[in-house]
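Subject: Structure handover

Hi,

Here is the structure I promised you. Please open it and keep it beside this email while you read.

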Amino acid sequence: MAQEPPRLAADRHTDARIAEVIRQVSADHIRQTIEKLVSFQNRSTISAQDEESIKAGKGIGAAREWIKAEFERYSKECGGCLEVKTDAFTEQAGERIPKPTEITNVYAVLRGFDPKQADRIVLVTGHYDSRNSDPLNGTDPAPGANDDGSGTAVSLECARVLSEASSKIKFPATIVFLTVAGEEQGLYGSKHFAQMAKQQGWKIEAVLNNDIVGGNLGPGQDASVVRVFSEGLPAAASEAEIRRIRMLGGENDSSSRELARYIADVGRSYGAGVKPLLIFRLDRFLRGGDQYAFNQQGFAAVRLTEFREDYNHQHQNVRKDDANGIEYGDLPQFIDFEYVAYVARLNAATLASLASAPAPPAGVKMLTRNLENDTTLTWEPSAGAAAYEVVWRSTNAADWEYAQTVSSGTRATLKVSKDNVIFGVRALDLAGHRSLPVVPEPER
Ligand SMILES: [Zn+2]
C-alpha cells in the first residue's frame, strides 16, 4: 500500500516575529478608537461634513479627518512608513442619498520592500459610516460602536502594529489599511474603491472586510469564534468560467474561499484568541457587505463578523423601552474590547503572513491529455519562492488535508487520482511563509 502523505495539521508554520507583532495589539487602544468614533455622534454618510461641524467634532466629516490624522500619527512614529491617502468622489442622488454627496474613503499604504513584489497587495477594511433606525437620519445619535466602529478599529490597529513592526520585518508585498464610507447607503465607498483598484490594475490578492466584530456582550454570544464568510461561485466569473466550475466541481474553490481557508490556517498557527468559523456563503441572509464590492471586481474578499449579532444593538435609535427593559442602540457598553483585539490579531497575522509570502504561483495547470491515475501539475515560477507545495483534499472535505513539498522545479507528479481529490499549489519562501494556494486549470 502506498505510504500515507503528510497530513497538514502536523506541519504548522509560525513566524516568531509575526507572533511578536500580534502581541502588540491592544484592547485598550481599540476601546479608545471606538469611543472616539462614537463621540462624532452620527457618522451617517449623509451627516454633516462642513468645516464648522468638523471643528465641533460632529458628523462623518469629523470622523474622516480624525481617521486621517490617526494614520498620519502612526506614520510619524515609524519615520513616514505609511502613505496616507483619500479616495473621494461625489455620489449622485439615489434611494438613500437625498442629494449629491461627497463620499471619502481614507487609507494608508505600507509599501512592500521587494521591488519585484511591491505591486502585490493585501488589504484590510472596515466601514466608518454608521446609521440609526432611519437610514436617512444624519443628525440624531448613530453611535455605530459595533457596526462598524469595531471593523474600523481593526483596520486602524492593524495599521498601528504593522507599521511599527516594519522597521524589523521588511514585508516584500504591500499592505493597505482601508476605511470606507457609504456602506449603509449601498456599499458606495467600497464599490468606488474596488472599481478604482481594478481600473488601475492593482494586484489585490486578499481583502479582509471586518464588519460587526465587536463581540456583542449578550446571551448566546460565543467569543471563542469569529465567522468568516466567503462566496462560492465568484460574482465576477464569466459564463465560460461558470461552465468549467460546473463540469469539474469547482464550486467550493473560489479565490475568496481559499483566502478563508488561509485565515483558518493562520488562526490555528498563531492562536489569535478566536477560532475562524468558516461559513461557505457570501454573507448573512438579507444582509450584505463591502467584501461583495471587491468580489464583483474579481478580487478575493471575505467578511469577518461576530458569532451572534444582537439586532437591538445595531441599526437602532438609542432608546430604552421601559415596558420590556431593553436598551436599544449600537453603544460601546455592549462591546467586548478583548474580543475585537482577538479579531485584530487574526487580521494582523493574516496580513503579515500573506505580505511575507511569495506571490501565489501563476499558470497552474493540470495535465489531462491522457487518461491516467497519476496527476501531473505544472506552474510558472513565483517571485520570492524557494519551494512549492502541492496541497489536496477529498472533494467532500472542507479544508486542505495533505501536502507534498516540491523543493525544485515547477512540476510535480503525484500518485493520486485527480478525479478523487481537489488540488492546489502554493509557493513557499526560505523561512516557510506560504502563499495562497491556486487551484489548477485543466490543460488539454
Ligand atoms: Zn456594517
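Start at Leu 377, which stands opposite Ala 412 in β15. Keep in mind that this is a predicted model.

**The four-stranded sheet**

Strands β12 and β15 are antiparallel partners, joined over four bridges. They belong to an open sheet of four strands. The order is β15-β12-β11-β17, and the pairing is mixed. Which strands stand at the edges? They are β15 (411-414) and β17 (441-443). Each has a single partner strand, so one side of each is left without a neighbour in the sheet. Neighbouring strands here are turned against each other by 30° on average, direction ignored.

Now look at Thr 376. It is found in β12, which covers residues 375-378. Is Thr 376 buried or exposed? Thr 376 is buried, because its relative accessible area is 7% and the cut-off for buried is under 20%. The side chain of Thr 376 also makes a polar contact with the side chain of Thr 413, at 2.8 Å. Set aside its neighbours within four places in sequence, and Thr 376 is in contact with Lys 365, Met 366, Leu 367, Arg 411, Ala 412 and Thr 413.

His 127 lies in strand β3 (residues 120-127). Asp 211 lies in the loop between β5 (203-210) and β6 (225-230). So this pair ties together parts that are 84 residues apart in sequence. Both His 127 and Asp 211 are buried.

**Strand β6**

That loop leads us to β6. This strand is mostly covered, with six of its six residues buried. Val 225, Arg 227 and Phe 229 point one way. Val 226, Val 228 and Ser 230 point the other way.

How does β6 pair with β7 (residues 275-279)? The two are parallel, over five bridges. Val 225 stands opposite Lys 275 in β7. Strand β6 also pairs with β8 (residues 301-306), and there the strands run antiparallel, again with five bridges. In that pairing, Ser 230 stands opposite Val 302.

Over to you.

Key
Residues are numbered from 1 along each chain as its sequence is written. This is a predicted model: local features need pLDDT of at least 70, side-chain atom pairs count only at pLDDT 80 or more; totals for chains, interfaces and linings use all residues. Side-chain values use heavy atoms; hydrogens and water are left out. Buried means under 20% relative accessible area, exposed over 50%, partly exposed in between (1.4 Å probe, protein chains only). A polar contact is a pair of N or O atoms within 3.5 Å; within protein, one must be able to donate a hydrogen and the other to accept it, and residues adjacent in sequence count only if both atoms are side-chain atoms. Contact means heavy atoms within 4.5 Å. Two strands pair if DSSP finds at least two bridges between them. Axes are lines fitted to C-alpha atoms, for helices over the stretch in contact, and angles run from 0 to 180 degrees between N-to-C directions.
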